[in-house]
Amino acid sequence: MTAERAISFTSYPESAYAGSPAGAAFDRIAQDYDRRFTDSLIGRAQRDAVWKVLTSTFRTNDKVLELNCGTGEDAIFLAAKGISVFALDASPQMIARAEQRLQHNSPQIPVVFCELPTERIGELHPETHFDGAFSNFSGLNCIADLGAVACSLARLVKQDGRLVLCFSTRFCLIEILYYLALGQWRKALRRCKGYNDVMIDGARFPVYYPSLRTIRRSFAPDFRLYSCTGIGVAVPPSYLEGWARQHPRLFLLLRRLEERFATLPVLRSTGDHVLLCFEKVSR
Ligand SMILES: C[S@@+](CC[C@H](N)C(=O)[O-])C[C@H]1O[C@@H](n2cnc3c(N)ncnc32)[C@H](O)[C@@H]1O
């Protein structure tokens, strides 16, 4: 089955790049993103933890919407398991890279990549509802109005469908301790006020750090939060990759601790990211 037949839409934009500032920023690092993050020790460790939850949530033949898919690592992983993925991103260069990887490695699997900012998913008109949706590694932290995204998802996802959403946290303990130890208190507290201007290769865009309560409220009443897992609670943020490579044994220990800490109340909210699972409920 080709990807197009696996996921057919009554209409979706061929090219919908709307000048999203985050999309424009990620354009600049698209060719280097996999080296910088996907294939790093820390990126791999954090993603493995997300994949455990994704594979226990979605099944073969499910049809899933991915928001802010980046270079397509998760979409290709799920599609290789027979899950149909319709994957979107605001950055044309990230989408081009995802396409390139798909054509190079596994062109037959059921995945479609499309340029579309998350703010515009209301424009999608699938023939059938999605079994669920997911967003990995902070794409939703670039969204000012999460409630509007939740409303669109409620229309696109079937009853009892699942959302798996990975946000950057507002309070990352390792980051705070690391930058305080360097005497850089501004960087240490950069997430705590809930908003920050982030710079990627000279391009600036706004990033939001909503609290767990704000996220849960934004997705209610259509979606109910049923699980919360810390990602990067013991494993540090990706800018500490150099340290991780210099200390392989310690890093392995942190990976093992991560499995223990990830679901502990309080501690699970102090990691680099938090992975939230929602179920669509009847009103
Ligand atoms: C940190 S990357 C994560 C990429 C991918 N999900 C992964 O797991 O590697 C964040 C992604 O969000 C995308 N993004 C940021 N703002 C967006 C928006 N408003 N709509 C769609 N995608 C957006 C960026 O282009 C980038 O690809």
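What span should the 17 residues of helix H4 (residues 41–57) have at 1.5 Å a residue, and how far apart are its end C-alpha atoms?

Author: This is a predicted model, in which local features need pLDDT of at least 70, side-chain atom pairs pLDDT 80 or more, and totals for chains, interfaces and linings use all residues. Residues are numbered from 1 along each chain as its sequence is written, and side-chain values use heavy atoms, without hydrogens or water.

Helix H4 should span 24 Å, and its end C-alpha atoms are 25 Å apart, which agrees. The expected span is 1.5 Å times one less than the number of residues; helices (H or I, at least four residues) and strands (E, at least two) are DSSP runs, numbered from the N terminus.

The buried residues of H4 are Ile 42, Gly 43, Ala 45, Gln 46, Arg 47, Val 50, Trp 51, Val 53, Leu 54 and Thr 57 (buried: under 20% relative accessible area; exposed: over 50%; partly exposed: in between; 1.4 Å probe, protein chains only). An α-helix has 3.6 residues a turn, so residues three or four places apart point the same way.

H4 also contributes five residues, the largest share, to the lining of the second largest pocket. Of the 14 lining residues, Asp 48, Ala 49, Lys 52, Glu 258 and Glu 259 lie nearest the centre of that pocket. Two or more lining residues come from each of H4, S10 and helix H12 (248–261). A pocket is an open set of points on a 1 Å grid over the protein atoms alone where a 1.4 Å probe fits, with protein on both sides within 12 Å along at least five of seven lines; lining residues have an atom within 4 Å of a point.

The loop between helix H10 (212–219) and strand S10 (223–231) holds Pro 221. The peptide bond that leads from Ala 220 to Pro 221 is cis, with omega near 5 degrees. Most residues other than glycine have a negative phi, and most peptide bonds are trans.

Positive phi values are found elsewhere in the chain. Ser 138, not a glycine, has a phi of about 80 degrees; Ser 138 sits in the loop between strand S6 (130–135) and helix H7 (146–156), and counts as buried because its relative accessibility is 15%. Asp 160, again not a glycine, has a positive phi of about 70 degrees. Asp 160 belongs to strand S7 (residues 157–168) and is partly exposed, with a relative accessible area of 48%.
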